Number of protein chains: 2
Amino acid sequence: MKLSKSEEQLMQYIWKRKKAFMNELLEMYPEPKPANTTVATLLKRMKDKGYIDYEQMGRSRQYYPTVNKSDYFSRHLKGLIRKYFDDSPSTFASFFTRETDLTEDQLKELQDIVEQELERRKK
Amino acid sequence: MKLSKSEEQLMQYIWKRKKAFMNELLEMYPEPKPANTTVATLLKRMKDKGYIDYEQMGRSRQYYPTVNKSDYFSRHLKGLIRKYFDDSPSTFASFFTRETDLTEDQLKELQDIVEQELERRKK
DNA sequence: GAACTGTTTCTACAAGTGTAGAATATAAAT
DNA sequence: ATTTATATTCTACACTTGTAGAAACAGTTC
């Protein structure tokens, strides 16, 4: 089952820290911070959905992700490409370069990236 | 307000047709098609959210999008990039080329795209 | 004009979400 | 041991979503 919007938000913090206690996570929210019970609820639901787990550390729990951010995101992205671009990554790519306000420098950077990726595959 | 999952689905069909009556939209669904009242409900909600509008044509309505697919998607994408890549399109790009199963041909195509975009900007 | 057919609105309901108070547990501090 | 601070669970409630039946309408057909 998918993460909801606000669960995803929290998930970002967990990914960033690798491991974190609830209070640390709460810290990470910008003002106005949610009630701690709100975060607790989210953590519980996320655990139920299988996206995180925890290790009991004395009085409290240290939470950590059970899914990798890249994997999660790449599934996400593939879904989008399927939905919006009829499964064509290159159509997506052209959209991306045109519509995402890339600066000239970033476009050049992208050139390098593609270049390197092509190199990498030759071997 | 954002479109929900199944509203987005329907929105795709509307974008594809540019203009369509409910029965035409219903046609476009794969089996098992939803009840026509389901589609009617979605149309109503989408109209309330401001994503579509209609023109009364005799007995029924011809619906059309009030938001452009590219705009909608590009907002979507920018949101994602912000959320997952700290606002760095190039980090996103490198992720994209590495993780999206692009074939070699597609990578080359992407090279061309970037090349052309750079050209385009020179002028 | 009575019956039929397709459209739209109303109503409904279960599941999921955002949010958090109340209650409880539990360790730390005095 | 009593207070205090914090973490976790329970409970709650309003809102959104997916889905569709029932009802009301509006042409179309016999």
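B:F21 stands opposite B:Q62 in strand β3 of chain B. The strands concerned are β1 (residues 20–21) and β3 (residues 60–65) of chain B, which pair in the antiparallel sense over 2 bridges. Strands pair here if DSSP finds at least two bridges between them; strands (E, at least two residues) and helices (H or I, at least four) are DSSP runs, numbered from the N terminus. β3(B) also pairs with strand β2 (residues 52–57) of chain B, again antiparallel, over 6 bridges. In that pairing B:Q56 has B:R61 of β3(B) as its bridge partner. β2(B) and β3(B) make a hairpin with 2 residues between them, and B:G58 in the turn has a positive phi of about 60°.

The model is predicted: local features need pLDDT of at least 70, side-chain atom pairs count only at pLDDT 80 or more, and totals for chains, interfaces and linings use all residues. Residues are numbered from 1 along each chain as its sequence is written, chains are lettered from A in the order in which they are written, and side-chain values use heavy atoms, with hydrogens and water left out.

**Helix α5 of chain A**

Helix α5 (residues 89–99) of chain A is largely enclosed by the rest of the structure, because 8 of its 11 residues are buried. Buried means under 20% relative accessible area, exposed over 50%, and partly exposed in between (1.4 Å probe, protein chains only). Among the buried residues are A:F92, A:F95 and A:F96. Their cover includes α4 (69–85) and α6 (104–122) of chain A, and also α4 (69–85), α5 (89–99) and α6 (104–122) of chain B. Just after α5(A), A:D101 takes a positive phi of about 55°.

**Contact between the chains**

In chain A, 45 residues are in contact (heavy atoms within 4.5 Å) with 45 residues of chain B. The two chains bury about 4,400 Å² between them, 67% of it on carbon and sulfur atoms; this is the accessible area (1.4 Å probe) that two parts lose on being put together, summed over both. On the chain A side, A:F73, A:Y84 and A:R121 lose the most area to chain B, together 16% of what that side buries.

Between chain A and chain B there are 4 salt bridges, a salt bridge being a side-chain nitrogen of Lys or Arg within 4 Å of a carboxyl oxygen of Asp or Glu. One salt bridge joins B:K83 to A:E8, with the closest N and O atoms 2.7 Å apart. The elements of chain A that give two or more residues to the side touching chain B are α1 (5–17), α4, α5 and α6. Of these, α6(A) gives the most, with 14 residues.

**Salt bridges within the chains**

Over all chains the structure holds 24 salt bridges.

| Pair | Distance |
|---|---|
| A:D53 and A:K47 | 3.3 Å |
| B:R98 and B:E99 | 3.4 Å |
| B:K108 and B:E104 | 3.6 Å |

A:D53 is partly exposed at 24% relative accessibility, and A:K47 is partly exposed at 32%. B:R98 counts as partly exposed at 42%, as does B:E99 at 27%. B:K108 and B:E104 are separated by about one helical turn, because they lie 4 residues apart in helix α6 of chain B. B:K108 is partly exposed at 40% relative accessibility, and B:E104 is partly exposed at 36%. Elsewhere, salt bridges that share partners join A:K2, A:E8 and B:K83 into one network.
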